[in-house]
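Colleague: I am new to this structure and would be grateful for an explanation of the terms applied to it.

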Amino acid sequence: MNGHSTSFQIPSRLNATTPIELQGLERDDVKLMVLDREYGKCEHTVFKNLPDFLHEGDVLVFNNSRTLPASLKGKQGNRNVLVRLSRKRSGNTWDALILGDVHQAGEPIDFPGGVSGRIKGPGSESPLVQLEFNKGDSELMDFIFKYGEPIRYEYISEPWPLDYYQNVYGSVPGSVEMASAGRAFTWRLLQALKEKGVGIVFIQLHAGLSYYGNDRWPMPKHHPEDYRVSPEAVNEILHAKNRGKRVIAVGTTVVRALETVMTQHGQLQPAEGVTNLYITGDTSLQIVDGLITGLHEPEASHLNLLKAFMSEDKLRHAYQTALAKNYKWHEFGDMNIIL
């Protein structure tokens with residue numbers, strides 16, 4: 001991070017390696033740290049108590065993008081390569097990260113099922129490349145779902161099935177990594193929120209890769225993501241705003257999408273497109289009042305985004321508290337709400 005001022009170490013025992021459901025619990029049994037934006041005070045509870053911290057008329061905005069099994073095993077000649085998809089550019093071309101033995105630019109990569117791909121130039125930023133497949137659109141999607149596996153990082157040792165990387169409400173396939181802020185929601189919790197009069201709306205932002213390996217992270221300015229904000233979502237959000245209620249984003253992807261619309265159009269309106277917005281502590285948020293999110297590693301740009309909600313000191317203090325209280329990190333880990 002810039003100047004590493006928010007630097008801290010996550011001990012490996014705090015990396016969540018197993019979905020909580022496999023420990024005989026429910027997804028909403030993870031811990032929840034409740035942070036006050038203004039005063040920085042912390043409360044500690046469990047996620048299923050979320051309705052206690054929300055008011056009737058508040059609106060939760062979810063990203064309903066579904067996770068793709070975006071890790072593909074292929075061969076270049078007799079060498080094994082691993083391809084991680086990052087973002088669809090057209091019907092048959094994706095930005096992708098290629099791992100494995102040194103890959104030859106000209107030589108095709110062969111995948112199972114008669115699918116092959118060739119590198120046709122640099123991707124949105126280094127080290128991504130553009131990979132053009134010999135199949136497109138629905139045929140390519142079928143191939144991805146049949147042969148792909150969920151992307152997993154070093155701290156996950158088991159190849160958990162794709163279901164564990166889906167939010168219960170995810171409906172539109174497109175993210176290469178789980179929009180994991182929503183993972184702790186169960187249908188029962190969504191029902192409890194509705195009964196309390198909390199509004200629930202969906203937008204989409206298809207998340208790209210969050211990490212390129214070898215201590216390289218995406219630069220948000222060069223990390224385009226596709227988004228769509230529907231008229232229904234806009235109406236609900238504006239209705240809440242007009243009544244002085246809070247709009248709470250479930251995940252940094254939702255903040256990026258909504259604030260992009262404000263930046264591009266000067267007002268909240270239905271929109272779709274591609275965003276390069278980089279949100280930092282210098283960004284004044286125009287629409288989002290609160291955020292539900294997981295715990296982010298110090299190098300991730302998501303942590304910079306949190307500074308748009310809270311001062312760096314308060315954030316650092318909260319994260320130190322989370323470390324002291326053994327909160328678990330990453331997509332299967334514990335949660336944090338900033339209000």
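Predicted model: local features only at pLDDT ≥ 70, side-chain atom pairs only at ≥ 80, totals over all residues.

Modeller: Residues are numbered from 1 along each chain as its sequence is written, and side-chain values use heavy atoms, with hydrogens and water left out.

Colleague: Why is Pro220 called buried?

Modeller: Buried means under 20% relative accessible area, exposed over 50%, and partly exposed in between, with a 1.4 Å probe and protein chains only. Pro220 has 8% relative accessibility and therefore counts as buried. This residue is found in the loop between strand 12 and strand 13. Beyond its neighbours within four places in sequence, Pro220 is in contact (heavy atoms within 4.5 Å) with Arg256, Asn276, Leu277, Tyr278 and Ser301.

Colleague: What makes Ala322 buried?

Modeller: Its relative accessible area is 0%, so Ala322 is buried. Ala322 has its place in helix 6 (residues 312-324); helices (H or I, at least four residues) and strands (E, at least two) are DSSP runs, numbered from the N terminus. Not counting residues up to four places away in sequence, Ala322 touches Met33, Tyr327 and Trp329.

Colleague: What makes strand 12 and strand 3 a pair?

Modeller: Two strands pair if DSSP finds at least two bridges between them. Strand 3 (residues 59-63) and strand 12 have five bridges, in the parallel sense; in one of them, Val59 has Gly199 of strand 12 as its partner. Strand 12 also pairs with strand 13 (residues 225-229), in the antiparallel sense and over two bridges, and Gln204 stands opposite Arg228 of strand 13. Six of the seven residues of strand 12 (residues 199-205) are buried.

Colleague: Which strands pair with strand 16?

Modeller: Strand 14 (residues 247-250) pairs with strand 16 in the parallel sense over three bridges, and Ala249 stands opposite Leu291. Strand 17 (residues 335-338) runs antiparallel to strand 16 and is joined to it by three bridges, with Ile292 and Ile337 as bridge partners. From strand 16 (residues 290-293), Gly290 and Ile292 point one way, while Leu291 and Thr293 point the other way; all are buried.

Colleague: What is meant by the largest nonpolar core, and which residues have the most contacts inside it?

Modeller: A nonpolar core is a set of buried Ala, Val, Leu, Ile, Met, Phe, Trp, Tyr and Cys residues joined through side-chain atoms within 4.5 Å. The largest has 46 residues, and those with the most contacts inside it are Val61, Ile237, Val255, Leu258, Phe309 and Trp329. Helix 4 (residues 252-265) gives the most to this core, with six residues. A second, separate core of 36 residues includes Ile109, Tyr153, Tyr212 and Phe332.

Colleague: Which residues line the largest cavity?

Modeller: The lining consists of Lys88, Gly91, Trp94, Asp137, Leu140, Met141 and Ile144; lining residues have an atom within 4 Å of a point of the cavity, which is a set of points on a 1 Å grid over the protein atoms alone where a 1.4 Å probe fits but cannot get out. Helix 1 (residues 137-147) gives the most to this lining, with four residues. The volume of the largest cavity is about 30 Å³, a volume being the space filled by probe spheres set on the points.

Technical notes:
1 Å grid on protein atoms, 1.4 Å probe; cavity = no way out; pocket = protein on both sides within 12 Å on 5 of 7 lines; lining within 4 Å.
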